[in-house]
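This report goes through selected features of one protein chain. Please keep the sequence and the 3D view open while reading.

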Amino acid sequence: MRISRRNVLLFTGLAALLPPSGTGADAAQMQKKPLQRIAFGSCAGQDQPQPIWEPIVGNKPDLFLFVGDNIYGDTEDMQVMRDKYARLGAQPGYKKLTATCPVLATWDDHDYGVNDGGAEYPKRRESQQVFLDFFGEPKNSPRRSREGVYDARVYGPPGKQVQIILLDTRYHRGPLKRREPENRALGPYVPNPDPAVTVLGDAQWRWLEAQLRVPAEVRIIASSIQVVPEDHGWEKWMNFPHERERLFNLIRGTKAAGVLFISGDRHLAELSMMDGGVGYPLYDLTSSALNRSAQRWRPYETNRHRVGTMNWGDNFGLISIDWERQDPQISLQIRDVDGDITLQRKIYLSTLQPGVIR
Ligand SMILES: [Fe+2]
């Protein structure tokens with residue numbers, strides 16, 4: 001068969017419709033039923049108790065997204081990495097989750113293998129396979145042969161489709177630029193102006209463009225690092241301003257509607273919102289940490305795009321979609337270890353369409 005651009009897109013779309021690889025899922029059923037409740041979280045220390053799974057399971061999510069620092073691996077020894085994943089797998093609450101709900105995952109620095117790490121990490125190939133083993137990716141999955149753990153799935157019937165896009169912000173990421181002199185209070189990094197430095201790498205950028213052209217009403221893009229906040233000096237897309245601009249340009253250029261970013265990594269929860277030039281507001285719902293948050297008051301850091309924050313205490317994110325309304329309503333929530341809502345914003349799907357901001 002001649003490989004035309006149309007065929008490539010067709011295959012990409014079909015691949016996205018394959019059943020999820022998470023455990024405990026009735027995959028065929030998931031395709032028929034629209035996703036209504038998507039929980040997510042990040043930053044889970046495998047050696048400490050993880051009581052947060054109780055309220056997560058209690059909320060009966062259709063899907064759980066692990067958005068990075070799923071374990072604190074921090075090693076180049078893959079046996080040590082495997083052992084640490086095994087400790088997550090042995091957490092009673094996590095076992096309960098995987099028995100009742102499919103899990104999709106991407107990684108951040110610590111489960112990738114090194115704090116604030118990027119393409120220079122020498123065990124990235126091996127670490128990818130250990131990650132995919134733990135999350136039950138089939139041996140013949142195309143995700144095994146990509147460079148990076150990025151992936152995408154579409155759930156639900158036509159007209160009520162939710163696309164989950166999992167980015168890999170580690171495997172190809174170029175060097176961070178350090179603040180000189182160091183100032184711990186402001187964070188260690190400043191934007192790297194070098195346009196040659198990448199976050200996603202060429203292959204993942206091409207893949208992402210194809211994904212954004214796959215039909216879906218809601219697109220949840222999981223990025224381990226924050227996309228929208230730009231004022232703090234820790235890890236974030238804005239450390240590579242040209243790459244963040246490229247991301248926004250891609251959303252605008254593909255006319256992809258319904259994009260919502262979710263992120264982790266920061267050991268705080270917040271909702272940020274901005275006009276990124278895509279024609280509708282871009283939200284970034286950050287949930288961190290599942291069990292490694294500050295347990296006492298943590299001073300606010302500046303975030304010009306902040307809608308609200310939960311600046312201390314363990315938390316998870318919950319996105320609920322009410323498809324029964326004429327204009328589907330999306331509730332973006334952060335919840336605490338008691339399962340209580342600590343932060344909420346309700347939006348309508350009609351407000352996530354190009355042309356809303358002119
Ligand atoms: Fe991280």
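## Basis of the report

A crossing of two helices is left-handed if the near helix is turned anticlockwise from the far one by less than a right angle, and right-handed if it is turned clockwise. Helices (H or I, at least four residues) and strands (E, at least two) are DSSP runs, numbered from the N terminus.

The model is predicted, and local features need pLDDT of at least 70, side-chain atom pairs count only at pLDDT 80 or more, and totals for chains, interfaces and linings use all residues. Residues are numbered from 1 along each chain as its sequence is written.

## Helices α4 and α7

Helix α4 covers residues 78-89 and helix α7 covers residues 124-134; they pack at an angle of about 25°, and their axes are 10 Å apart. Axes are lines fitted to C-alpha atoms, for helices over the stretch in contact, and angles run from 0 to 180 degrees between N-to-C directions. With that angle, α4 is roughly parallel to α7 (angles under 35 degrees count as roughly parallel, over 145 as roughly antiparallel, 65 to 115 as roughly perpendicular and the rest as oblique). The crossing of α4 and α7 is right-handed.

Which residues of α4 and α7 meet? From α4 they are M78, M81, R82, Y85 and G89, and from α7 they are E126, S127, V130 and F134. Two residues are in contact if their C-beta atoms, placed from the backbone, lie within 7 Å. Sorted by class, the contact of α4 with α7 holds five nonpolar, two polar and two charged residues. Here Ala, Val, Leu, Ile, Met, Phe, Trp, Tyr, Cys and Pro count as nonpolar, Asp, Glu, Lys and Arg as charged, and the others, Gly among them, as polar.

D133 also lies in helix α7. D133 is partly exposed, because it has 13 C-beta neighbours inside 10 Å. A residue is buried if 20 or more other C-beta atoms lie within 10 Å of its own, exposed if 12 or fewer, and partly exposed in between, with C-beta atoms placed from the backbone. Between D133 and N192 there are 59 residues in sequence and 34 Å in space, C-alpha to C-alpha.

## Helices α8 and α9

L208, E209 and L212 of α8 meet L250, I251 and T254 of α9. The contact of α8 with α9 has four nonpolar residues, one polar and one charged.

## The nonpolar core

In soluble globular proteins, nonpolar side chains tend to be buried together. A nonpolar core is a set of buried Ala, Val, Leu, Ile, Met, Phe, Trp, Tyr and Cys residues joined through C-beta atoms within 7 Å. The largest such core in this model has 83 residues, and F64, L65, I220, A222 and I262 have the most contacts inside it. L65 is in contact with I38, F40, L104, I164, A222 and I262, leaving aside its neighbours within four places in sequence.

Apart from neighbours within four places in sequence, V57 is in contact with K96, L97 and T100.

Y94 belongs to helix α5 (residues 92-100). Y94 is buried as well, with 24 other C-beta atoms within 10 Å. Not counting residues up to four places away in sequence, Y94 touches Q50, W53, L88 and G89.

## Backbone features in loops

The model has a cis peptide bond between E180 and P181, with omega about -10°. P181 is in the loop between β6 (177-178) and β7 (189-190). A cis peptide bond also joins S288 and A289, with omega about 5°. A289 sits in the loop between β11 (282-286) and β12 (306-310). R304 is in the loop between β11 and β12 too, and R304 is exposed, with 10 other C-beta atoms within 10 Å.

C43 is a residue other than glycine with a positive phi, near 65°. C43 is in the loop between β1 (37-41) and α3 (53-58), and C43 counts as buried, with 27 C-beta neighbours inside 10 Å. D265, not a glycine, has a positive phi of about 75°. D265 lies in the loop between β9 (259-263) and β10 (269-274), and D265 is buried, with 26 other C-beta atoms within 10 Å.
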